[in-house]
Amino acid sequence: MKEEILKLIKLQAIDSEIAGFDHAIAKHRTAVANREQAIAEKQEAITHFRNKIELLNQKQAETKAEHDDAGARVKDRQNKMMQVQTSREHQALLKEIEENKRLVKETEDRILQFIEQIEQLENEASTLENLCSGEQQLLAEEVEKVDQEIQRIEEAKKSVLGKREAETAALQGPYLKRYTMLLAKRDGLAVVAVNGSVCQGCHMALPPQQVIEVRKAEKFNLCPTCQRILYYQEAEETESGQ
């Protein structure tokens, strides 16, 4: 039984190493995905700014037309002032002239506001576009480096997978089956040490009699709390591993 437990300990070490490779690959891919997301968010903001600029340009053009129409009416009513014959007509034209002058002033103010808003949005959009351009270049460089690093990790992982095949071939079916089941259910950790009287998988204390049985290694011992396969780790092994 000791021999089978030693095989499982070795297999667990290999699987932990493989999990480390997978974690490293996932970490690299997440870093790239985060950069891509950051760029996508900036591009979305740029699109929002450009759409707003387009809308403001449209409103500015409409306001400019309104301004020009009001200015034309002022000139037209001023020309008609020379032709009026009654005081009532004169007063009516004066009123129209004042209303259109007010409209000219109002539309001028609105046009200036549009110009300021468009300028501000153009600056913000240009700043983001410059940032995006720089970040896209950095992303391309990072993707190339990440691809190379992942390829290196995959090669190292292949070597370890070869060792795993040899170890699993040496294990009897029932032990491998239980180990595989626990590996899947216990976050990649199926075999754990007992340090003192504590399971290093769930950090719960074991009954004294079970600690003795684990030390003897004459049979399979499972943690009563987390159900992981247990083996005893001497104190000097713990200290040397730290």
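**Helix packing.** I'm working on a predicted model here. I looked up how α1 (residues 2-80) sits against α3 (residues 173-185): the two axes come within 11 Å and cross at roughly 35 degrees. Those are the numbers I wanted, since two packed helices are described by the angle between their axes and the distance between the axes. I also checked the hand, and the crossing of α1 and α3 is right-handed.

Which residues of α1 and α3 meet? On the α1 side I get E4, L8, L11, Q12 and D15, and on the α3 side Y175, L176, Y179 and L183. Sorted by class, this contact comes to six nonpolar residues, one polar and two charged.

**T168.** Next I clicked on T168, which belongs to helix α2 (residues 87-169). Buried or exposed, I wondered about T168? T168 is buried, because its relative accessible area of 16% is under the 20% cut-off. Skipping neighbours within four places in sequence, I find T168 in contact with L11 and L176. L11 is one of the α1 residues in the α1-α3 contact, and L176 is one of those from α3. I also noted K7: its C-alpha atom is 8.6 Å from that of T168, although the two residues are 161 apart along the chain.

**The sheet.** What is the strand order? I read β2-β1-β3, an open sheet of three strands with mixed pairing. The edges are β2 (198-199) and β3 (229-232), each pairing on one side only. I then went through the pairing of β1 (residues 191-195) with β3, which is parallel and runs over four bridges. In that pair, V192 has L230 as its bridge partner, and V194 stands opposite Y232.

I wanted to know how β3 is covered. In a regular strand the side chains alternate between the two faces of the sheet. In β3, I229 and Y231 are on one side, L230 and Y232 are on the other, and all four are buried, with both faces covered. Helix α4 (residues 208-216) lies across β1 and β3, and I get about 75 degrees between α4 and β3.

**Cysteines.** On accessibility, C199 is buried at 0%, while C202 is partly exposed at 22%.

**Positive phi.** D187, in the loop between α3 and β1, has phi near 55 degrees. D187 is exposed, with a relative accessible area of 76%. H203 is another non-glycine with a positive phi, of about 65 degrees, and I place H203 in the loop between β2 and α4. At 53% relative accessibility, H203 counts as exposed, because the cut-off is over 50%.

Methods. Residues are numbered from 1 along each chain as its sequence is written. This is a predicted model: local features need pLDDT of at least 70, side-chain atom pairs count only at pLDDT 80 or more; totals for chains, interfaces and linings use all residues. Side-chain values use heavy atoms; hydrogens and water are left out. Axes are lines fitted to C-alpha atoms, for helices over the stretch in contact, and angles run from 0 to 180 degrees between N-to-C directions. Helices (H or I, at least four residues) and strands (E, at least two) are DSSP runs, numbered from the N terminus. A crossing is left-handed if the near helix is turned anticlockwise from the far one by less than a right angle, and right-handed if clockwise. Contact means heavy atoms within 4.5 Å. Ala, Val, Leu, Ile, Met, Phe, Trp, Tyr, Cys and Pro count as nonpolar, Asp, Glu, Lys and Arg as charged, and the others, Gly among them, as polar. Two strands pair if DSSP finds at least two bridges between them. Buried means under 20% relative accessible area, exposed over 50%, partly exposed in between (1.4 Å probe, protein chains only).
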